[in-house]
Amino acid sequence: MNFLKSVLATVVGIMVFGAIMFLFLIFSMVGMIASGSGTESIKDNSVFVISLNGQMTERSETDPLSMFLGEGNTSVALDELVANIKKARENDDIKGIYLDCGVFEQDSYASLEEVRRQLLDFKKKGKWIVAYADQYSTGTYYLASVADKILIHEQGMLDWHGMAASPMFLKDALAKFGIKYTVTKVGKYKSTPEMYTADGMSEPNREQVTAYVQGIWNNIVADVAKSRKISEEKLNEYADSFMLFNDQKTYVSSKMVDKLVQRDQVKDIVKEMLKIDKDDEINKVSMATMTKQDAVENDGEEIAVYYAYGDIVDEVASGLSGGATQIVGDRVAEDLLALAEDDDVKAVVLRVNSGGGSAFASEKMWQALKKLKAKKPVVASMGGMAASGGYYMSCLANYIVAEKTTLTGSIGIFGMFPDFSQLLTEKLGVKYDMIKTNEHADFGVTSRSINDDEMAILDKYITRGYDLFLTRVSEGRKMKKDAVNEVAQGRVWLGQDAIKHKLVDELGGIDVAVKKAAELAKLKEYHPTTYPVKEDPTLKMFAEKTENGILDGKLKETLGDFYTPFMLINDINNQDRIQARLPYILNIK
């Protein structure tokens, strides 16, 4: 008995000790976060260091668990980067920017447009930019091309070879598992189902992909040509020569870069720009320090900038997909209605970066936007994508702003119904029997495919959905439905082309959208406030979606190019059957 008491006391002691240590961990992390929240002073004659590493995201997300584990921040947030460049521009103590271009993956060239425009504005203040890389990707070089000095390692590489889109097709991969899709769609350019039902692009799809890939590349070439004072013809010649494997000296002779250096020599060049001696220390300002500085904004009335990015879904995904950013229809609709009732908010900028998703969720958000618009002006700001469902939720805004290379439009709808009958009955040997009371009582069961009569019903349902989409765009854009249909048909447009078809009002970024919202609300003084309010990082750390986010990030890092097809197959049974979505995973390189 005494032995059992001793064992029980030991177990209880261990549990109590574990609980105390757990609480100590929480309070320690809270203290760490709180201690790092104060504003740090910036010394005179400083350089703002921007490290381009990891994945670009639309909005900054703090992951305290990763910070505690020492993994650091593996993403570059567009909103944070843009805001910090603005702060650096207005701070007289900061004389220049150092772009350290590492292994960086942008979410879109539209996002890079926004950053590049801010870098150019920074230079207009009489300040300088120096860029360095061991190897430039096309995206990092596009940003670096604004620099006063572009530096590359003596044995570095410059990846300037043009642009290609390589959409993937999963029909044969799914067939190996005995899975196929039954599809109905409206819009000859609405090509999402091709990924599941075809071996390659249809001709309409090839037409639209060619148009926007060439359009994005033309914009990149034109911008680089202007900054580097190299003709567009020459830049295309360099791309055709596959510069990646050229002798490094040709990077200088072609004027693509200014100097070949080793990394440790970059400091001396930055010191020259700062006009300090070689023995002096460089006053460096990090992204974290810059974030803590007071925002550059005006006093006055509040303009809400509401961020909506990711796949449009009816409900929050769980499991492996839970780490991905999503636009949850009910949640966004609730937030928009709350903004409508908030008297402190005088106008709303809806920032959208989405290729679409659930048609039903898109309709819910459209209805909420209508109620919001009835009370105050709404301006849509389109990021990398605002297509299909992303356009659906934006089209009712009083005014729409997009970047030149934003992918938008894709006004169309489709239904996809997975058929697991072969997997179950032939490959796994599962047997079924059936008793039913009515003709279609067994619709959707996994033991059989959809029959012709059911497909005819579904076709009519999808056609009505497309007609509703046209009606929504017609009302929002004040266009006749026939005119909308002519530029719809599921076709994807670049922002610079969408404006010609009245799907977009102006080209620009969030600044343009905020300024327009202030104009519509007749505000002389105003300041933007971002929504939805970010979660407390100390609480978020213990949420399921943070755990899923870490797992999802590790999975993406491990699988690389195989991540997307893996997740598509993983999510087959979770996708909404009726969708308004971009043609496919773009896979633009």
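## Cysteines, aromatic rings and the overall chain

Cys101 counts as buried at 2% relative accessibility, where buried means under 20% relative accessible area, exposed over 50% and partly exposed in between, with a 1.4 Å probe and protein chains only. Cys395 is buried as well, with a relative accessible area of 0%. The structure holds zero disulfides, a disulfide being a pair of cysteine sulfur atoms within 2.5 Å.

The model is predicted, so local features need pLDDT of at least 70 and side-chain atom pairs count only at pLDDT 80 or more, while totals for chains, interfaces and linings use all residues. Residues are numbered from 1 along each chain as its sequence is written, and side-chain values use heavy atoms, with hydrogens and water left out.

A search of the whole structure finds eight aromatic pairs; rings of Phe, Tyr and Trp (for Trp, its six-membered ring) pair if their centres lie within 6.5 Å, and planes under 30 degrees apart count as stacked, over 60 as edge-to-face and the rest as tilted. One of them joins Tyr136 and Tyr141, which are edge-to-face at 5.9 Å centre to centre with 85° between the planes, and both tyrosines are buried. The rings of Trp160 and Trp217 also pair, and because their centres are 4.9 Å apart and their planes stand at 45°, this pair is tilted. Trp160 lies in the loop between strand E5 (149-158) and helix H6 (171-175), whereas Trp217 belongs to helix H8 (residues 203-228), so the pair ties together parts that are 57 residues apart in sequence. Trp160 is buried with a relative accessible area of 0%, and Trp217 is buried with 6%. Tyr136, Tyr141, Trp160 and Trp217 form one aromatic cluster.

The charged end of Arg491 sits over the ring of Tyr189, 5.1 Å from its centre, and Lys516 lies over the face of Tyr399, at 4.5 Å from the ring centre.

For the chain as a whole, there are 23 helices and 21 strands, taken as DSSP runs numbered from the N terminus (helices H or I, at least four residues; strands E, at least two). Of its 589 residues, 47% count as buried. Among contacts (heavy atoms within 4.5 Å) between residues at least 6 apart in sequence, 76% join residues at least 24 apart.

Note on methods: A charge sits over a ring if NZ of Lys or CZ of Arg is within 6 Å of the ring centre and within 35 degrees of the ring normal.
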